[in-house]
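Here is a friendly note to read alongside the model. Take the points in order, and keep the viewer open as you go.

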Amino acid sequence: MSEPQSAAASVEAAAAGAHERIVATLIRITGDWTLAEDCAQEALALALERWPRDGVPANPGGWLMTVARNRATDLLRRASVERRKLQELAALRPTEAALPVAEENLPDDRLRLVFTCCHPALALEARVALTLRTVCGVPTADIARAFLVTESAMTRRLTRARRKIADAGIPFQVPDGDALTERLPGVLGVLYLLFTRGYDADGEPAFAQEAIRLTRLLATLLPDQPAVSGLLALLLLQHSRRAARRDTDGKPIRLDRQDRSRWDHALIDEGLRALPQSRADEPYGVQARIAACHATATSPDTLDWIAIARWYDVLARIQPSPIVALNRAVAHGYAHGPNAGLRLLTEARADGRLEDHPLAVAAQAELTERAGDHTRAADLFRQAASHTHHEPQRQALLDRAAELT
């Protein structure tokens, strides 16, 4: 690797570990979100300019923090803004700013930033977008693509969200006591939605990885919150199968046909270690236990469908939804026979919300095939294909129909 390439790689590695910490710290001190992000970006740009020439510093993260802090000081001084903010910036001793990224107050700042971005005063999509941009440092263009809007529209959305935080006086802090109990589910909901935006077939994989990283941070800083442990276990166990979920054409591979050697067993082990700290009567904890059943089965034949069906019974009771009802029907179809699953599926579709949903029709096809009616099952797979707009998924359903005919 050439020296410029090596320096660029060092900047990228330092940015991955320090960018959000720098932004969070500067937001805490200055209260100016745009200033914090701009100074962090300018520090990265200066590193790309100087490190190839001067060499990579011994502590890249500390170097970036010092440069960003000094840039913020200069901008605030030029603008003659509040003297108190300048004094707070000056109080950051150079030796303290140059400490490694494990410096004690930095994780607290990131946790404050997560709770601020996920404040219930903001719309849910604004919370997700603001978390991606400010906490994760995802470029606005990438966020806009994930939300199917233009970059300028996403820029305006982020600006409105920051302005609302300022105008409403939303505090830059982690709530405690009852307030933490009330706010934590909203934060976890944002992280779960962030994960699904990266885990879905056409999602951004980096979003799922950022959701896991932030949930790990929450689990470290809030070790006594079972819901956090449950979400972490769920995300890790789900993500462990990512590499085996699709073929080279992007078509989904059925769980019973996945190459288990491609599963990430380090993630599985980490998820299983987090599982005991979760609760078996809380939605994330229940879903994590279902995922653990899948992840620990050594083959399709050893999968404990009876246990999975029981956990779906619990989940349907504490967090009922059409998709939960659909998955419960499939689980019972494997645990107690296809006819039992078809009966539950009919009940789940009774209100019409799943009538033409491709997953519901595909589930009916799967259970019908297992009941022995291959002609009807093939028709249902083709029907499910006609209702999906994701081309690899559509082709996979048509392939299933072709197998049966």
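1. A word on the source. This is a predicted model, in which local features need pLDDT of at least 70 and side-chain atom pairs count only at pLDDT 80 or more, while totals for chains, interfaces and linings use all residues. Residues are numbered from 1 along each chain as its sequence is written, and side-chain values use heavy atoms, with hydrogens and water left out.

2. Now the overall build. The protein chain has 20 helices and 0 strands; these are DSSP runs numbered from the N terminus (helices: H or I, at least four residues; strands: E, at least two). Of its 405 residues, 47% count as buried, where buried means under 20% relative accessible area, exposed over 50%, and partly exposed in between (1.4 Å probe, protein chains only). Among contacts (heavy atoms within 4.5 Å) with a separation of 6 or more, 61% are between residues 24 or more positions apart.

3. Please look at helix α12, residues 226-239. Its 14 residues should span 20 Å at 1.5 Å a residue, and its end C-alpha atoms are 20 Å apart, which agrees; the expected span is 1.5 Å times one less than the number of residues. Because 12 of the 14 residues are buried, α12 is largely enclosed by the rest of the structure. The cover over those buried residues includes α10, α11 (205-221), α13 (265-274) and α14 (283-296).

4. Ser229 counts as buried, at 10% relative accessibility. Apart from neighbours within four places in sequence, Ser229 is in contact with Ala274, Gln277 and Ser278.

5. How many disulfides does the structure hold? There are 0, a disulfide being a pair of cysteine sulfur atoms within 2.5 Å. The sulfur of Cys117 has its closest cysteine sulfur in Cys118, 6.3 Å away, which is too far for a bond. Cys117 is buried, with a relative accessible area of 0%, and Cys293 counts as buried at 15%.

6. Finally, visit Pro171, in the loop between α9 (151-167) and α10 (177-199). Pro171 counts as partly exposed, at 41% relative accessibility. Its C-alpha atom is separated by 9.6 Å from that of His119, 52 residues apart along the chain.
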